[in-house]
Amino acid sequence: MADDASVAGSVTTAEAAARAVRCTALTKHYRSKAGPVHAVNGLDLEIRVGECFGLLGPNGAGKTTTIEILEGLLAPTSGDVEVLGRHWGSHDDDLRQRLGISLQETRFQDKLSVLEVLTLFRSFYRRGLEPADVIALVGLTEKASAWVGKLSGGQRQRLAVACALVGDPELLFLDEPTTGLDPQSRRQLWEVIRAFRRRGRTIVLTTHYMDEAERLCDRVAIVDRGQVIALGSPAGLIASMGGAHVIEFACAPGAAPAPADLAALPSVRDVVAGAGDTALTVSEPHVAVPALLGLLQARRAELLRLTTRHVSLEDVFMHLTGRHLRDEDVSPA
Amino acid sequence: MKTYHPLRELTLARLREFLREPEAVFWTYGFPLMLAVGLGIAFRDRPVEIVHVDVQQTAGAADVVAQLSSRNDLVVKTHGAAECRERLRLGTSSLVVVPGDPVTYVFDPSRPESALARARVDDILQRAAGRQDPVRTAEARVTEPGSRYIDFLIPGLLGMNLMGGSMWGVGFVIVDMRVKKLLKRLAATPMTRASFLWSLAGSRLLFMLPELLVIMGTGVLLFGMPVRGNWLAILTLALLGAVSFAGLGMLAACRAERIETVSGLMNVIMVPMWLLSGTFFSSERFPDLLQPFIQALPLTLLNHALRAVILEGASLASQGWRVLALAGWGLVPFGLSLKWFRWN
């Protein structure tokens with residue numbers, strides 16, 4: 001199996017060596033009481049060595065199923081998976097020695113100390129970092145002798161990442177590393193991930209926070225319903241919207257101008273008319289805002305609200321699916 | 001640089017978790033100690049039972065009272081007819097004697113102490129009237145250590161505790177780790193299955209040693225239980241029992257996804273054996289039809305072998321087939337659970 005990379009058709013060894021993960025036509029189907037579930041539905045990915053790659057999507061999009069297949073914890077229904085030039089099923093131990101994994105919601109032994117848990121995980125790897133050094137790396141030195149049961153949510157999440165780092169992996173998988181954390185804990189974890197990335201290592205993470213993907217990832221795949229619907233750098237995806245800014249405004253009921261009139265305003269690239277709010281994607285807000293206000297004044301339309309902001313990955317997702325990224329943002333309508 | 005050994009670290013982690021859980025320590029060591037002491041006191045050798053007899057106040061009552069008072073195992077009182085019946089009904093006395101011809105015994109024959117009182121009183125009155133016994137008899141009284149209830153009980157408690165400790169200590173721990181998704185996390189490391197399972201078995205054997213000492217120590221030091229067999233043979237049996245039940249615990253836990261599921265499964269395995277396998281009373285009391293089944297149960301095998309070695313001084317070799325059968329009870333479930341084990 002070690003020779004797979006060199007025999008794989010026209011792909012050169014150099015290209016294969018620069019590739020950390022590749023999966024093609026990946027599917028995973030479950031049977032459930034509600035009928036068959038297509039958690040992953042023909043997903044293709046190629047992740048390069050040294051990049052921080054994000055799988056971004058709403059809950060239930062198939063991110064966790066995908067990452068667990070890549071981690072060798074789930075078998076795909078069909079499709080081909082290659083991790084660090086190998087396939088799961090043979091020499092798994094060698095592969096596991098080179099991976100660091102943080103799952104969603106692992107609870108470590110409550111009555112072991114942080115240092116004891118890391119020493120345990122260190123013992124599984126032939127080579128790796130000293131437990132005390134990893135603890136310092138994730139900023140838990142003060143808690144090294146505290147029991148896991150006494151840690152806060154953010155500290156536990158950092159412990160989970162420390163356990164993923166203790167084998168000094170080439171490739172790090174993080175499933176929703178900052179879900180449910182306070183802003184300070186999130187920033188601390190981001191710094192740990194960036195430091196790992198600066199050492200030339202590869203990271204694959206899943207998240208449903210667009211700001212996390214924008215700040216951390218070199219490239220993101222937006223995943224919806226088990227498929228990749230957009231792929232690229234955060235800046236590239238945002239640029240694909242045609243403008244760098246969004247103007248959102250609301251008028252008194254029935255007073256909003258028609259979308260065609262709005263689209264005709266200077267610098268407007270896209271118009272999304274919602275139930276109350278209207279969103280304009282614009283390239284130059286200093287041109288578009290006065291023109292919009294002039295139009296509203298001419299129509300005597302009462303303006304209730306007006307905001308401008310940068311385009312985010314959330315807008316990209318909405319543009320592609322017509323839905324919000326996070327469940328809690330979805331209105332009951 | 002420090003070296004790290006997965007089996008050592010996994011076993012250490014189990015030991016630390018156990019010792020830091022006061023409840024687990026109590027149920028493993030404190031509870032069997034309390035049970036042994038409690039039952040030992042409840043069933044200690046009691047003096048000969050004293051029975052209360054009332055003599056009804058009529059002519060000849062004084063003579064009867066005089067004859068009966070010569071015995072120290074009877075408490076004799078005299079009351080009026082109505083009061084005698086009242087005291088009998090309340091169980092204050094066990095027998096009412098109405099003097100006369102014939103002497104009438106008023107009692108409930110279904111009450112053992114009443115039947116005992118009637119036999120004693122009748123014996124005294126007949127002898128006083130001049131009865132001669134045609135057969136000469138003699139008594140040899142036996143209350144020596146080794147044949148008392150507490151001596152029967154201690155090896156059974158040891159067997160029962162080895163079963164409970166191993167099944168909970170392995171089954172509960174596995175399912176708890178599965179619920180916490182820690183098993184899945186461990187499966188994502190290069191840790192081998194073998195070192196994980198060996199660490200569970202190994203830590204269980206370490207916990208077993210103090211258990212053996214607590215129960216045997218209570219029997220020997222507190223109740224003077226004799227240990228006629230070889231201590232090495234006892235230790236070997238205890239190790240074998242602990243490992244066998246660890247295999248059963250692993251089988252119960254190999255797919256269970258919730259603590260309730262594994263608790264139920266383990267109770268289904270253990271509760272019948274508490275009753276059938278001769279822990280608190282002899283398994284011979286059950287019908288012959290059930291005996292082949294009962295004798296093949298792992299706890300019966302362990303209890304019988306422990307009693308034979310501890311109380312009768314039997315050798316381990318003489319318990320050969322029990323040892324083999326017990327090993328089978330460990331190996332087969334262990335093999336099945338390896339096959340069926342679910343890490344996710």
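Domain bounds here come from an automatic or database domain assignment. I looked up chain B under that assignment and noted domain 1 (6-43 + 145-340) and domain 2 (51-128). I then checked their spacing: the C-alpha centres of domain 1 of chain B and domain 2 of chain B are 52 Å apart.

This is a predicted model, where local features need pLDDT of at least 70, side-chain atom pairs count only at pLDDT 80 or more, and totals for chains, interfaces and linings use all residues. Residues are numbered from 1 along each chain as its sequence is written, with chains lettered from A and ligands numbered from 1 in the order in which they are written.

Next I took the overall form of chain B.

I counted 13 helices and four strands in chain B. Helices (H or I, at least four residues) and strands (E, at least two) are DSSP runs, numbered from the N terminus.

Last, the interface. I found 22 residues of chain A in contact with 21 residues of chain B; contact puts C-beta atoms, placed from the backbone, within 7 Å. On the chain A side, helix 4 (92-97) and helix 5 (114-122) of chain A each give two or more residues. Helix 5 of chain A has the largest share, five residues.

Note on methods. Contact = placed C-beta atoms within 7 Å.
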